[in-house]
Amino acid sequence: MELLPTRWLGRRRFAARAGLVTVSLVLLCSGCVLPARSSAAFEGKAVESAKTAAGAVATARLCARQASSGKLTAAFASVTMADAEKDANDAQSSFDSIQPPDHRSDRLRDRLDSILSKAVSALARLRIDARRGHLAQLEHRARALQTIAKRLEQFQQAHS
Amino acid sequence: MKKALQFTLGILTAIGGMIDIGNLAGNTEAGARFGMGLAWVIAVGLVAIVLYANMAGRVAAISHRAAFDVIRERLGPRVAMVNLGASAALTLLTLVAEVAGVGLVLQLATGLNYRLWIPIVALALWAILWWSKFETMERSYALVGLTLLVLLAAVWALHPDSGDLLHRSVHPAIPHGEDLKSYFYLAIAQFGAMVTPYQVLFFSSGAVEEGWTARDLAVERVNVFIGFPVGAMLAMALMVLGAVVLQPRGITVSHLSQVGLPVTLALGRSGLWLVLVGMFAAVFGAAAEATLSTAYSICQYFGWQWGKFVRRPEAPRFWSLLVFLLFIVTTVALIFDPIKVALFSIVFSAAAVPLTFFPILVVANDPAYVGEKTNGPVTNVLAVILLVLMVIVSLATVPLLVATRGNG
Amino acid sequence: MIHEPDAVHALRDLADWQVMDADSHMIGKVDDLLFVARTDGDPVLTSILVGGVAYAKRFGGAWTRAFDFLSRRLGEHGEPLDLPVTLVERRASDLRVGAEREALGRYRGRADRPGELCLSDLVGAELIGAGDRPCGRVADLWLAGPAGSLADLRLHGLIVGGGAVGDRLGFERARGPVGPVGLRGLFAWLGRHTRFLPWHDVTVVEPRAVRTHRAPDELRPLSEVEPG
């Protein structure tokens, strides 16, 4: 019983089904990482991770400055710092889980990994301070992030 | 006097009711990644939602029939079932984001993890749906949601270069580090954030809940033609805040805190509280609307009694559905990242819009439903152009989703 | 909100309509229409089926069996309401049953009557003409009878042809949608091959097929038959 030509109905159903399946897959796999097959692809992923980490660092710096000038509550600041730390951490772990395809990529990996580790530990420090309510000194602590931010920026520029 | 109050309330409801987690995350993200380059999509989306809601409201007021009732009647059970399936799935996805989103707002206010809040939010939603009158519920969220006008205050307080902003809106450019496919993906998302099917379906069912008649059409028109544009200004404000505060710093939106930081930067502590209250009301209200909207659609499709306008024992399936939906949503909300879900849901909103827009367009032209108040020629021309645009958007969605690996 | 007295298309103007009870409560949607064949004229509409397995039948094939299975689990609610047409009044935008919801229990469950035809069997069936030549699929049923009264509606003919989408949407109705012009034109073009077959030309009704002694090119286009 066809009220519409079958191809119309089929296409809509297909689109709806495909959409739902894709959503579920992408939602589930957004944490999954595919291996990089070439050193260029690896470099691309490195830049992505650096970018994500840079965003987290920038968020933390913005938050720290505002928290120190009393614009934020301790709750807001601590949630923001924890989120930033999580983002940087996730960026590092997903980057670390990628198999580097060659020796050049090994060196790249080591370089980025050291920057990312510094970022994560600095962000963790800030998160701890924020949770303790030590908002006034956050800006001071966040100075360490300035160098890290610069290094991430340089890394991205060098490898884009 | 009473009429003036009705008008005012209507406008305020429309303003406060437009923003939900999809806007909060999606509009800000677009500003953070593309500056003002996607501002034009908000304008197009506004035209679409105004037309869409106006038609649906008119049909409901004159024929006393709500959207899915009419959709099944015109499209038949099979095509309407595809429609219903897509709409319901999409609205549930949105609902997951909204419920978790309320949790996120409460987390920002208290520091307690959002997952702990989710079951509480679901229970509170249930309690309000069960006990409060329809009108009271609608009006309260919307009025409290007006605190989101703080977004406009924040934009003003930051004194951005408006000439520059305008220039960047009119001359969209792809910034370094982004590409064309992400641009179009986010464009689709902006459209979906403005034209959310569940809001229109809710608006249409709400018209029947509140017993609107042809005499209420003036109120309906004012709601839609004044309220929605002001609501769109709030969406634009979110984009500006993203463009002015987040983009220069390379911050993209993956957490709700990043949506709040521009406001606190501009307005300090008071800004913080206002934006938290506003976000809470907007997202909680959206959650209530989305829950009701799904239950309405399913009942209307099958012809089962629905609505708060009848005594509860007379609509047993409607109420059972509400419980069931809240239960599923609570479970799923505990699992997935709310901001990611929010961003997906607006993309799929955009893709699903033509399914419900098309039958409503036909019916709004049909004297059997709307008497003499059929669409004027301008409305029809605009609507057909939009329909074609919407179909193109639908077809482009899944390929773009795959091409950008869901990251936009 | 007036419907053409002498051109009621079953799917367009009756099927999937909201059914309300005497207290204005929603009962369900019109899921199927039952006609009883007569020797002296067109089949007459006798009952309206609401809900249950009648809904499932609209989907055809495997869906019907799946829903059937499910609805048996649902027990009583798997059975459709079999409402005699004398009980139902056709109003501007819904059908009203002259009894309250609670009193409708006795109409639950279908009884097979001999010589019965139903909408869900006819629509979608292949129309086969003289010499076994296919004429297209049945898209809708043309019912004739006075306005407002369901009891006198007769199955006057079949509307045949796959492009009848526009008709279903209401564009072909005399006082149907007047726009948008673009869509109306599109659907008119899509429905240009829609044909009409009067019931008296039907010879046999088989499962999923209807036979006529006429040849495909003898069928008149719907536009010639439709009043206005």
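This note goes through the predicted model chain by chain, in numbered points.

1. Chain A is helical in its assigned secondary structure, with 6 helices and 0 strands. Along the sequence, the order of elements reads α-α-α-α-α-α.

2. Burial and surface of chain A may be taken together. Of its 160 residues, 47% are buried. The chain exposes about 8,100 Å², and carbon and sulfur atoms supply 53% of that area.

3. In chain B, attention falls on one pair of helices. Two packed helices are described by the angle between their axes and the distance between the axes. Helix α3 of chain B covers residues 39–63, and helix α9 of chain B covers residues 180–194. Their packing angle is about 35°, and their axes lie 8 Å apart. The crossing of α3(B) and α9(B) is right-handed.

4. The residues that form this helix contact can be named on each side. From α3(B) come B:W40, B:V41, B:I42, B:V44, B:G45, B:L46, B:A48 and B:I49. From α9(B) come B:Y183, B:A187, B:Q190, B:F191 and B:M194. Sorted by class, the contact of α3(B) with α9(B) comprises 11 nonpolar and 2 polar residues, with no charged residues.

5. Chain C contains both kinds of element, with 7 helices and 15 strands. Buried residues make up 53% of its 228 residues. For contacts in chain C with a separation of 6 or more, 63% are accounted for by residues 24 or more positions apart.

6. Strand β12 of chain C, residues 195–198, deserves a separate point. This strand pairs with strand β11 of chain C (residues 154–160) in the antiparallel sense over 4 bridges. Within that pairing, C:R195 of β12(C) is the bridge partner of C:V160.

7. Strand β12(C) is also joined to strand β15 of chain C, residues 220–221, by 2 bridges. These two strands likewise run antiparallel. Here C:F196 stands opposite C:R220 of β15(C). Strand β12(C) therefore has pairings with both β11(C) and β15(C), since two strands pair when at least two bridges are found between them.

Notes. Residues numbered from 1 in each chain as written. Chains lettered and ligands numbered in written order. Predicted model: local features only at pLDDT ≥ 70, side-chain atom pairs only at ≥ 80, totals over all residues. Heavy atoms only, no water. Buried < 20%, exposed > 50% of the residue type's maximum accessible area, 1.4 Å probe, protein only. Areas by Shrake-Rupley, 256 points an atom, 1.4 Å probe, with all protein chains shown as cover. Axes fitted to C-alpha atoms, helices over the stretch in contact; angles between N-to-C directions. Left-handed = near helix turned anticlockwise from the far one by under 90°. Contact = heavy atoms within 4.5 Å. Nonpolar A, V, L, I, M, F, W, Y, C, P; charged D, E, K, R; others polar.
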